[in-house]
Amino acid sequence: MHDLHTHSLCSDGILRPQALVSRAKTQGVTVLALTDHDTVVGIDEAQAAAAEEGIRVLPGIEFSCLWNGVGIHIVGLNIDPAHPQMQAAVARQGESRETRARQIGEKLAKAGIPGALEGAKKKAGDAVIGRPHFAQFLVETGRVSSMNAAFKKYLGAGKVGDVKQVWPPVAEAVSWILAAGGVAVIAHPDKYKMTRTKLGRLISDFAEAGGQAIEVVSGHQQPDLTRDLARIANQHGLYASCGSDFHVPDQSWQELGSFSALPDDCRPVWELWG
C-alpha cells in the first residue's frame, strides 16, 4: 500500500514524523511519502523511524504555488532534500510564509485581536508557520469555537485576516522538484473547483513544464471522480499518484492508507522510481 501525500507537525499535521511512520505501519502502509508544506525538516526523523518499522519512506514536499492567480499545490516525490536547489526553494518559501504571517498578525491586531502572531508562532513551534496556526490561536483564546469558524470569520477569502500570498508559479515549483531529482505531482486536483476545461489547461501547462503525475486518488472520494481523474491523467500522458493527505488521526476521510486503489488502466507513479 502506497500513501504518497501526508503531513506531520513539521507543517500543519499534529504527529511527529516518527509517530506518523508508526501509525502508517499500523494502517498497512508499506511505502509512505512525507510531504509537509514547503519544508523537508521532518524527513530524516521519518526515515530513521521507517528503518525500525520496516517500511519505506520517500522524501517529499508539497509546494504552495500559483497558476493564473489560483493557489495550486504541487507535491514533489522521491526528492533529494539536501540538493542546493531544494534547500534554496525551501528557504524562499519559508521567507514568504514569515512575511505573510507578520501581515496577518498586523491585520488581526488592527481588528482588536492582539498577540496573534506570537500565539501562532507558539503553536507552530519549529514548523513552518501557516494560517492553521493562527486558527488554533483564535480557538484557544476563545475568539471562535472551531478551526473552521476561524477561517469563516477571520482568515478566509475576503475576511479581516486574509493576506494574499506571493507564491511562485507552478512551472517554477516543478523546476525545483526536477532539479532535486524528484517527480512533480498535482495534488488533489478536484479541490481547486475548476471547470474541466480550466483544469485541462492547468494540467497541460504543468506537463509542458515537466510535471509527471496527478493525484488520481486523494483520501476518500467518489468512484466517479476517481474514474474521471484517471481519464484525465491518461489523456495527458501522466502517471497517477494516490495519498490520504493525512493531517490528524481518526479523520476517516483522510486516514493513512484508507483510500481506494488506483484504477487498473492508470500508470502508477512509483513506476518512475521502481
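**View 1. Polar contacts of the serine 244 side chain in the predicted model.** The side chain of serine 244 makes a polar contact with the side chain of aspartate 3 at 2.8 Å. The serine 244 side chain also reaches the backbone nitrogen of phenylalanine 246, at 3.2 Å. Serine 244 lies in the segment after strand S7 (239–243).

**View 2. Surroundings of serine 244.** With a relative accessible area of 1%, serine 244 falls under the 20% cut-off and is therefore buried. Leaving aside neighbours within four places in sequence, its contacts are Asp3, His5, Thr6, Gly219, Gln254, Glu255, Leu256, Gly257 and Phe259.

**View 3. The largest nonpolar core.** This core has 67 residues, of which Ile72, Ile74, Leu77 and Val216 touch the most other members. Strand S3 (residues 56–67) gives the most to the core, with 6 residues. Apart from this core lies another, of 18 residues, including Ala101, Leu117, Ala120 and Ala150.

**View 4. Residues around isoleucine 72.** Not counting residues up to four places away in sequence, isoleucine 72 touches Phe63, Ser64, Cys65, Trp67, Val170, Tyr192, Met194 and Leu202.

**View 5. Packing of helix H5 (residues 131–140) with helix H6 (residues 147–155).** The helix axes are 9 Å apart and meet at an angle of about 105°, so H5 and H6 are roughly perpendicular to each other. H5 contributes Arg131, Pro132, Phe134, Ala135, Gln136, Leu138 and Val139 to the contact, and H6 contributes Met147, Ala150, Phe151, Tyr154 and Leu155. By type, the residues of this contact are 10 nonpolar, 1 polar and 1 charged.

Technical notes. Residues numbered from 1 in each chain as written. Predicted model: local features only at pLDDT ≥ 70, side-chain atom pairs only at ≥ 80, totals over all residues. Heavy atoms only, no water. Core = buried A, V, L, I, M, F, W, Y, C linked by side-chain atoms within 4.5 Å. Buried < 20%, exposed > 50% of the residue type's maximum accessible area, 1.4 Å probe, protein only. Helix = DSSP H or I, 4+ residues; strand = E, 2+ residues; numbered from the N terminus. Contact = heavy atoms within 4.5 Å. Polar contact = N/O pair within 3.5 Å; in protein donor to acceptor, adjacent residues only side chain to side chain. Axes fitted to C-alpha atoms, helices over the stretch in contact; angles between N-to-C directions. Parallel < 35°, antiparallel > 145°, perpendicular 65-115°, else oblique. Nonpolar A, V, L, I, M, F, W, Y, C, P; charged D, E, K, R; others polar.
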